[in-house]
Amino acid sequence: MSHNQYMARAIVLAKQGLYTTDPNPRVGCVIVKDGEVIGEGFHQKAGEGHAEVNALAMAGESAKGATAYVTLEPCSHFGRTPPCSDGLIKAGIRHVVCAMKDPNPQVSGQGFAKLIEAGIDVTLGVLEDEARALNPGFIKRMESGMPFVRLKMASSLDGRTAMASGESQWITGSAARQDVQRLRARSSAIITGIESIKSDDSSLTVRADELGLDEALAKQVVTKQPLRVVLDSKGQISRDAKAFQQPGNTLVAVRHGVQLHGNIETLALNHDDTGLDLTALLKELALRQCNEVLVETGATLAGEFVRQGLVDEMVLYMAPCFMGSDARPLLNWPIDTMADKQNLTILDNRLVGQDIRLTLGFSKKGD
């Protein structure tokens, strides 16, 4: 087998931590000796053993002289666990093949330097694009101080998200709603607006019985709920809202000077005619170690996120129905000319039940 094939296996392993490693990155490791895999591991949960530690535990004494395939540069610092680079050195690993450098400034390049100083051969860049795709939020937070923002929306084929009255449940089918639960499960935070809370009173939670995962994994996933973030500039939210009755934490973003009664955590932000300062909000979430943020909201707030260029990826579920021209649009975002249109790139498209799921990336205007 080639470097690519072993690294591909390490990436498959890393994906097993998709819903559980936050705020740490998802990492996989495969240890190979004389053409045979002698150890495998992945990072399962923050505070527990990293991928290399778990793979070395499986390999045991046989790891001496072996090659380790790792999807992310082995860490070089003491966090909640010891440095993985030290573990590889101690085990007698001869060669480390790595997909990418760690973007964390505490690690970046230093793990490789330790390995090389110990006489270990290092190969870098094997399946790097695939490895980067494992951790879009962790990478962006480390490189820019901002989380990866994913906007989720559901619409009819004619681009409508609710009837004029606000009625919107349910546009899409049960399979799409299960898929949304998995988007929530991989997210550090879920952002919505006060109007969505007032109209739907959503719990904004990950629910084990709706994930469609193995029962044991589903129970593990829901033990750590995403942070719920409600944008409510005027402080209109009711203390009886379902978001406050659920496991986990709810943060309400308000404009400066607004006070909420009761034991409610608030974040005061600047406010102008476009609403609360969304960039400041995202920076605060990054400081709170939020990697991937899911925006689930109505047309006005969604339109503002897109207009300000803050969305990295959009997931759009389109139901095979028409809701008519009086129904509410996908985004509230007036555009006057074709030159001002927003181009998108289709990253993935597939059927989820009877609904179409489009995963879209944002292009520069005019492309």
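View 1. Strands are DSSP E runs of at least two residues, helices are H or I runs of at least four, and both are numbered from the N terminus. Two strands count as paired if DSSP finds at least two bridges between them. This is a predicted model, so to speak of local features takes pLDDT of at least 70, side-chain atom pairs count only at pLDDT 80 or more, and totals for chains, interfaces and linings use all residues. Residues are numbered from 1 along each chain as its sequence is written, and side-chain values use heavy atoms, leaving out hydrogens and water.

**View 2. Strands S10 and S11 run parallel.** Five bridges hold the pairing of S10 (residues 250-255) with S11. One to look for: Leu251 has Glu265 in S11 as its bridge partner.

View 3. Angles run from 0 to 180 degrees between N-to-C directions, with axes fitted to C-alpha atoms, for helices over the stretch in contact. Contact means heavy atoms within 4.5 Å.

**View 4. Five strands make another open sheet.** Read the order as S2-S1-S3-S4-S5, again with mixed pairing. Strand S2 (36-42) and strand S5 (121-124) are the edges, each pairing on one side only. From one strand to the next, the twist averages 15°.

**View 5. Strands S1 and S3 run antiparallel, with helix H2 packed on the sheet.** S1 (residues 28-33) and S3 (residues 67-70) are joined by four bridges. Val30 finds its bridge partner in Tyr69 of S3. H2 (residues 51-59) touches S1, S2 and S3, and its direction makes about 140° with that of S2.

**View 6. The protein chain has eleven helices and 18 strands.** Its radius of gyration, taken over C-alpha atoms, is 23 Å, close to the 21 Å that the globule rule (2.2 Å times the number of residues to the power 0.38) gives for 367 residues, so the chain is as compact as a globular protein of that length. Along its principal axes the C-alpha trace spans about 70 × 45 × 45 Å.
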